[in-house]
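Please read the following points beside the coordinates.

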Amino acid sequence: MSAVSRVAIAGAGIAGTAAAIHLAEQGVEVDVFERKDSLSALGSGITLQGNLLRVLRELGVWQQVERAGYSFDETALRAPGPGAEVLATIPDARTGGPDLPATTGMHRPALAEILLARAEEVGARVRFGAPVTGFSQNAERVTVAYGDGGRGDYDLLIGADGLHSAIRRELGIDVGPEPMGMGAWRASVPRPAEITRTDLYYGGPAYLAGYCPTAPDAIYAYFVEAARDTRGFGPAECAAEMARLARAYGGPWDEIRRSLPEATQINYTQFTHHVVPGPWHRGRVVLIGEAAHSCPPTIAQGAAQAGEDALVLAELLLDRARLEDVWEEFHARRLPRATAVVEASVQLGRWLIDGDRDADVPGLMRRVAELVSVPA
């Protein structure tokens, strides 16, 4: 019993490939359309919280992720300045369950490659350089136009095409990402031997400085600060700006700063947030992942929520006989949870911007951990 036998997915990110894997391994015919020409995921690294590790285990890729990444179970708070004194060491919640690490850091393109390989292994067809260019639908099917003139008929189109979703726009949904007023520099550099977890530094010239191990030999380091226009910055200017900020932070930052001129990737991203208030579907087209909701990475839940969207949607599509029987439960399970995560992420960002020293950050983090520890 399945509500669908043939599905098109726009976007080969975490949400799109996760949905493709779960559907294709159960015999659904899946075509994934990706506008990029290849797996050239931007970003230095990604922090995978336990609830996303739980999703990745269900997708059959946890062992590969474990080998490619770097797992840890605590976070430290350190003081800015030359001494970089450790102020507290905090155990991280194992939101994926006691048999998974609390957190795994990894290189973002490595995760993309693992998910793509698994999707193709279970039978999904992934077409690069083939964006969805339009669609039309009736009660029986959705006709998808893609690439340079290709067309196909499907039972469902899943819009997993990211923050600036073309599917969302074509559905006439005018909710989209709104700026937070803050942004982050990120760089991928060799891992100093003393870095075995995420350390966070509050204060100094940035709202927040930190780093996360992404492999036995690599980390991504970051600064969160007020949003700025970085158009025109080349690699040398980006490295110089990160090095300037790093001078205010000691400890491992001394070695990180020396590595920045040779960093394999440095980027700057402004933070945004949004939630499509619901429903996320129109007829035979549905949004998931950042097409439906996005949050600043202040609690590192964006990828986890995208993965949960994909798994819940695929589970319901496989368990229901009719598509119209999917939507009420899908939105009941995903909309409140994703909204709560976005709101918490935004609140933490606003506390950073306001310099609110009385903010109940531990309480907020505890509430989010309790929420996402329950499977979606």
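1. Which residue in E6 does Leu77 stand opposite? Leu77 stands opposite Ala88 in E6. Strand E5 (residues 74–78) and strand E6 (residues 86–91) pair in the antiparallel sense over 5 bridges, where strands are DSSP runs of E with at least two residues, helices are runs of H or I with at least four, both being numbered from the N terminus, and two strands count as paired if DSSP finds at least two bridges between them. E5 also pairs with strand E14 (residues 198–202), here in the parallel sense and over 4 bridges, and Thr75 stands opposite Thr198 in E14.

2. On provenance, this is a predicted model, in which local features need pLDDT of at least 70 and side-chain atom pairs count only at pLDDT 80 or more, whereas totals for chains, interfaces and linings use all residues. Residues are numbered from 1 along each chain as its sequence is written, and side-chain values use heavy atoms, with hydrogens and water left out.

3. An open sheet of 6 strands runs in the order E8-E2-E1-E12-E19-E18, with mixed pairing. Strand E8 (125–128) and strand E18 (281–282) stand at the edges with a single partner strand each, so one side of each is left without a neighbour in the sheet. E18 pairs with strand E19 (residues 285–287) in the antiparallel sense over 2 bridges, and Arg282 stands opposite Val285 in E19.

4. Cys295 is in no disulfide, and the nearest cysteine sulfur, that of Cys212, is 16 Å away. Cys295 is buried at 15% relative accessibility, and Cys238 is buried with a relative accessible area of 9%.

5. Asn51 lies in helix H2 (residues 50–58) and is buried, at 0% relative accessibility. Leaving aside its neighbours within four places in sequence, Asn51 is in contact (heavy atoms within 4.5 Å) with residues including Thr95, Gln301, Glu308 and Val372. Asn51 and Pro179 are 128 residues apart in sequence and 26 Å apart in space, C-alpha to C-alpha.

Definitions and conventions: Buried < 20%, exposed > 50% of the residue type's maximum accessible area, 1.4 Å probe, protein only. Disulfide = S-S within 2.5 Å.
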